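Hello,

Here is the structure I promised to send you. Have a look around it first, and then read on for what turned up.

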Amino acid sequence: MNSYCDPETGICNPSSLQELASIGTDPKGDKTEIIYVGDPMCSWCWGISPDLIKLRDHYRKEQVAFRVLVGGLRPGGGDPWDDQMKSFLKHHWEEVNQRSGQPFGYELFEKETFNYDTEPSCRAVVAARAMVKDREMEFFEAIQRKFYVESQDPSNPSFYASICDEFDINYADFMNRFESNEVIQETTDEFNLNRSWGVRGYPSVLLLWNDELHQIAYGYSTFDQMLSQIDKLTSFEKR
């Protein structure tokens, strides 16, 4: 497989990209920001999702921005959908369930064919970003749930119809954005950007603080663990 998930560290390593785009890599600015880099089809990203939403909500009172960047775990997919792949994934998902408590369904492994291509699910997050605004993490999580629990295929455009209904998004408008060259390029740019920052696994949580990026979590972490890391760098919890 082109990418690998480690049950000990809670990290999913992405596949390499053919070419890094020449884009800006300097996130510096005068604001403080929590940046989550993940992929809707990264199982440890599903594991950490409730804790991330809790972290985002906790720091809203401090007016700390929360940004989502899509990682690109397996853009294009291409791994053989054979017994070895199915066995690997099922065992891994069971480990994520045991550690995080997040639910999984296993009907996916009954499919005769499946391409584990994570680009469409990432692109859906980018397409919906302007439509859902501050509910981007919830949209991200809705994709995860439909894939991991309901065993539906995110590469199928109809996958997103019920999610659009859930978020009061016009499905036709969403699909126009989802299939646009602009969103396709923006998604690829985010894959390249997080790699250019040195992100080598998902989930990764970064803090932009005093014009520098600090790593808060690399792999699966709990809310308390991430809170502690942020507290070491900032005075939020001492106010």
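Let's start with a pair of helices: α1 and α4 run roughly antiparallel to each other, because an angle over 145 degrees counts as such and their axes cross at roughly 150°. Please keep in mind that this is a predicted model. The axes of α1, which spans residues 43-60, and α4 come within 10 Å, and the crossing is left-handed.

Which residues of the two helices meet? On the α1 side they are S43, C45, W46, S49, P50, L52, I53 and R56. Their partners in α4 are M137, E138, E141, Q144, R145 and Y148.

Next, find helix α6, residues 171-178. F174, M175 and F178 are buried there. Why do these three sit on the same side of α6? They cover an arc of only 95° around the axis, which places them on one side of the helix. The general rule is handy here: an α-helix has 3.6 residues a turn, so residues three or four places apart point the same way.

While you are at α6, look at its N-terminal end, which N170 caps. A side-chain oxygen of N170 lies 3.0 Å from the backbone nitrogen of A172.

Now for the loops, where there are a few backbone details to look at. As background, most residues other than glycine have a negative phi, and most peptide bonds are trans.

- K133 has a phi near 55°, a positive value, and is not a glycine. K133 is in the loop between α3 and α4, and counts as exposed because its relative accessibility is 64%, with the cut-off for exposed being over 50%.
- D211 is another non-glycine residue with a positive phi, about 65°. You will find D211 in the loop between β5 and β6 (212-218); at 38% relative accessibility, D211 counts as partly exposed.
- Y202 and P203 are joined by a cis peptide bond, with omega about 0°. P203 belongs to the loop between α7 and β5 (204-209).

Enjoy exploring, and write back with any questions.

Best wishes

Note on methods
Residues are numbered from 1 along each chain as its sequence is written. This is a predicted model: local features need pLDDT of at least 70, side-chain atom pairs count only at pLDDT 80 or more; totals for chains, interfaces and linings use all residues. Side-chain values use heavy atoms; hydrogens and water are left out. Buried means under 20% relative accessible area, exposed over 50%, partly exposed in between (1.4 Å probe, protein chains only). Helices (H or I, at least four residues) and strands (E, at least two) are DSSP runs, numbered from the N terminus. The arc is that of the directions from the helix axis to the C-beta atoms. A polar contact is a pair of N or O atoms within 3.5 Å; within protein, one must be able to donate a hydrogen and the other to accept it, and residues adjacent in sequence count only if both atoms are side-chain atoms. Axes are lines fitted to C-alpha atoms, for helices over the stretch in contact, and angles run from 0 to 180 degrees between N-to-C directions. Angles under 35 degrees count as roughly parallel, over 145 as roughly antiparallel, 65 to 115 as roughly perpendicular and the rest as oblique. A crossing is left-handed if the near helix is turned anticlockwise from the far one by less than a right angle, and right-handed if clockwise. Contact means heavy atoms within 4.5 Å.
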